[in-house]
Amino acid sequence: MTTMAMGVVLALLLICLYLLVKVAYETVSCYWLTPRRLKKIMEKQGVRGPKPRFLVGNILDMASLVAKSTSKDMDSINHDIVARLLPHFVTWTKQYGKRFVYWNGIEPRMCLTETDLIKELLSRHSAVSGKSWLQQQGSKHFIGRGLLMANGNDWYHQRHIVAPAFMGDKLKSYAGYMVECTKQMLQSLQNAVEIGQTEFEIGEYMSRLTADIISRTEFDSSYEKGKQIFRLLTVLQQLCAQASRHLCFPGSRFLPSKYNRDIKALKMEVERLLMEIIQSRKDGVEIGRSSSYGNDLLGMLLNEMQKKRGNGFSLNLQLIMDECKTFFFAGHDTTALLLTWTVMLLASNPSWQDKVRAEVNRVCNGGSPSGEHLSKLTLVSPKVYPLPS
């Protein structure tokens, strides 16, 4: 072997050795050194918490406490359900005070219950706070780097891009979609009653209702394809939640496990459907069939991106797809749960149900509600009323 060849081989060996040492050091630093350093820093400031286990932190403790608190049905309707759904916060607050640190795998998380500290964090340190690596990794195949997972300047720019969708006039324009979808849901309930069904899982109806509304407001004429995207995203959400439990173990996201393979396949299918919708909008503008990308949420995102292209932005289609997925995620479960809880409370308090129904009939004159009616519906406005005895 010539001297030059030996030199090349030696250089390659040194590069490989360097890369191996670097990977080993970063792994040890991420999973051992950095967590220990952060723990010591917090303890010096008097902030303590439950003792973490290697790699899994306090995940097993939280799972055990939740399993115990939810093992039995609730005896009665109780609005104070923190101790039932988040028993670890209640337990650790009693043990360690109003501020403590617990560990989600290798990642420390601080619980703050002091109003002044929370205000200071949100007002003075919002630019450096944000979503952690674990949170971003756990959702990268689901909602990617949409607004919920953006940090720093990315969050600031993305917030301005999506802001027009939440203007008052724009929200009112969605009322027609909401009324139409709600009528269809009520009709399906009526049909079930007529064929003799006596019990209903209202949560499922509300979940389908919010999915229909979001599909309409996001994709308008591509409504049916939007519903198909939503069904795939629901499965993808469940798989990503399952996969995120293993992120604290080194290299787990690269394992060829069934749920990892399924996640990638579902993500590709969701983005294929989204790209079909986006491409049809772009084609319509390019050939002159339309002067804009549309008035629904997707159209607004495309229009805003187009406006900002001269300011150093590019028409980032991946970001647009991530934002569409984010709106599905952020607007679905929370709204469905709120509606289900509201229906349950009305069913449990018939006198209030009668009052609200009478007010809606009076204000809407027997017709369907619209955006203009909302300010006149005083009983359903966001105020706190005592429950009747």
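The side chain of Gln 318 makes a polar contact with the side chain of Glu 271, at 3.0 Å in this predicted model. Gln 318 lies in helix α14. Setting aside residues up to four places away in sequence, Gln 318 touches Glu 271 and Lys 325. At 33% relative accessibility, Gln 318 counts as partly exposed, because that category runs between 20% and 50%. Met 275 is 43 residues from Gln 318 along the chain, and their C-alpha atoms are separated by 9.2 Å.

In soluble globular proteins, nonpolar side chains tend to be buried together.

Now take α13. Nine of its 11 residues are buried, so α13 is largely enclosed by the rest of the structure. The buried stretch is Leu 297, Leu 298, Gly 299, Met 300, Leu 301, Leu 302, Asn 303, Glu 304 and Met 305. What do the buried residues of α13 pack against? Their partners are α7, α8 (168-173), α10, α12 and α14.

Asp 220 lies in the loop between α10 and α11. At 34% relative accessibility, this residue counts as partly exposed. Asp 220 touches Tyr 177, Ser 215 and Asp 296, not counting residues up to four places away in sequence. Asn 295 is 75 residues from Asp 220 in sequence, yet the C-alpha to C-alpha distance is 8.4 Å.

The next stop is a helix pair. The axes of α2 (residues 59-69) and α4 (residues 87-96) come within 8 Å and cross at roughly 110°. The two helices are therefore roughly perpendicular to each other, as angles of 65 to 115 degrees count as such. From α2, the contact uses Asp 61, Met 62, Leu 65, Val 66 and Ser 69. From α4, Pro 87, His 88, Thr 91 and Trp 92 take part. By class, this contact of α2 with α4 has five nonpolar, three polar and one charged residues.

Then there is a strand. Glu 107 lies in β2 (residues 107-112). Is this glutamate buried or exposed? Glu 107 is buried, with a relative accessible area of 11%, because buried means under 20%. Its side chain makes a polar contact with the side chain of Arg 109, at 3.0 Å. Not counting residues up to four places away in sequence, Glu 107 touches Tyr 102, Ser 132, Trp 133 and Leu 134.

Finally, the whole chain. The protein has 15 helices and two strands. Of its 389 residues, 31% are buried. Among contacts with a separation of 6 or more, residues 24 or more positions apart account for 61%.

Technical notes
Residues numbered from 1 in each chain as written. Predicted model: local features only at pLDDT ≥ 70, side-chain atom pairs only at ≥ 80, totals over all residues. Heavy atoms only, no water. Helix = DSSP H or I, 4+ residues; strand = E, 2+ residues; numbered from the N terminus. Buried < 20%, exposed > 50% of the residue type's maximum accessible area, 1.4 Å probe, protein only. Polar contact = N/O pair within 3.5 Å; in protein donor to acceptor, adjacent residues only side chain to side chain. Contact = heavy atoms within 4.5 Å. Axes fitted to C-alpha atoms, helices over the stretch in contact; angles between N-to-C directions. Parallel < 35°, antiparallel > 145°, perpendicular 65-115°, else oblique. Nonpolar A, V, L, I, M, F, W, Y, C, P; charged D, E, K, R; others polar.
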